Amino acid sequence: MTEDGTRPETDGGGWFEGVAPDDAEAGATRIREGRADAPADWPERAVASGFAADDEEYYDALREASLRAAREGAAERARADDQQLVHAVRAMDDAAAEANELAERVAEWAGSRYPDAGTGVEYARELAERDPESPTDERLIALAGRTADLADESEELREFIERETPEVAPNLAALAGPVLAARLVSLAGGLEPLAKKPSGTLQVLGAEDSLFAHLRGHAPSPKHGVIFTHEFVRGTRPEKRGSAARTLAGKLTIAARIDHYSGERKPELDAELQRRMDQIRGRGDDVDGTDEQSGGDEE
């Protein structure tokens, strides 16, 4: 964009008019910010303006500028706040999984040496505080310490996610909770992809294995994915969870779209979701049957 908010037009000498042939950065900027309202013989214009000696040189410069523009665009996207959440939630899950796996190894090893050996990450923490009495104890206790460190890292990442998600997606974080909101953003690949998904897709994010099994005819259709961890779904009676999951997914979809396109906090979404959940949890079967038939997605 130019300083007045408009895109530079390409006329006269074409896309690279006024750009030095050896200025790859300026060429990439022109590719990213330029526009053309109609097709034209761009190589001919470039040659006529003196940017390139012939068509081949023009296409070489175009390729270099296009690759550089693509790399810069990808790097800019990777630095976006929602992408940092994606990395954080995946790192949190990896750290927690590794800690649990190592805790099992520590428990198995410790069971062969100590009659009071326990299990889990908490036992690894206790074991890490002991003083080793042999070289074998030293290695086992060191492994327990690594296990505790990984569990601590996972918790610190969770705290980071809980602190940062409301800044990136305020409405989604308010409705889903910061960690579930970040997990939905991660599963979708970013806030923009999540905002563009229909609520039915958001509803089953994280249930891909069950969905593919259903498509192969081996399982019923999943009613929910990771949104099952939300109290509005998990805490609803099983016969009502389908309606609860559809309603929650619909509101989360609206929240993601508001967060992506405006970023403005809409507290009325919270009240509307609570009102709909109260209806689902408290209403009679006849009302629930009506909603089941209508599909229940709210957008």
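This is a predicted model: local features need pLDDT of at least 70, side-chain atom pairs count only at pLDDT 80 or more; totals for chains, interfaces and linings use all residues.
E264 counts as partly exposed, at 46% relative accessibility. I then looked for its partner and found a salt bridge to K266, with the closest N and O atoms 3.7 Å apart. K266 is likewise partly exposed, its relative accessible area being 26%.

I next turned to the other salt bridges; the count comes to 15. One of them joins D93 and R183, where the closest N and O atoms lie 2.4 Å apart. This pair links distant parts of the chain, as D93 belongs to helix α4 (residues 81-111) and R183 to helix α8 (residues 178-188), 90 residues apart. D93 is partly exposed at 31% relative accessible area, and R183 is partly exposed at 21%. I also noted a salt bridge between the side chains of R163 and E164, at 3.9 Å from N to O. E164 is partly exposed, with 28% relative accessibility.

I then examined helix α5 (residues 120-128), in which V121, Y123, A124 and L127 are buried. These residues lie on the same side of α5, because they cover an arc of only 155° around the axis. The face turned away from that buried side carries the exposed residues E122 and E126. E122 also takes part in a network of salt bridges with R125 and D152. For A124 I recorded a relative accessible area of 0%. A124 and L143 stand 19 residues apart in sequence, and their C-alpha atoms are 8.4 Å apart in space.

Helix α3 (residues 55-78) supplies the largest share of the patch, five residues. D60 is found in this helix, α3.

Definitions and conventions. Residues are numbered from 1 along each chain as its sequence is written. Side-chain values use heavy atoms; hydrogens and water are left out. Helices (H or I, at least four residues) and strands (E, at least two) are DSSP runs, numbered from the N terminus. Buried means under 20% relative accessible area, exposed over 50%, partly exposed in between (1.4 Å probe, protein chains only). The arc is that of the directions from the helix axis to the C-beta atoms. A salt bridge is a side-chain nitrogen of Lys or Arg within 4 Å of a carboxyl oxygen of Asp or Glu.
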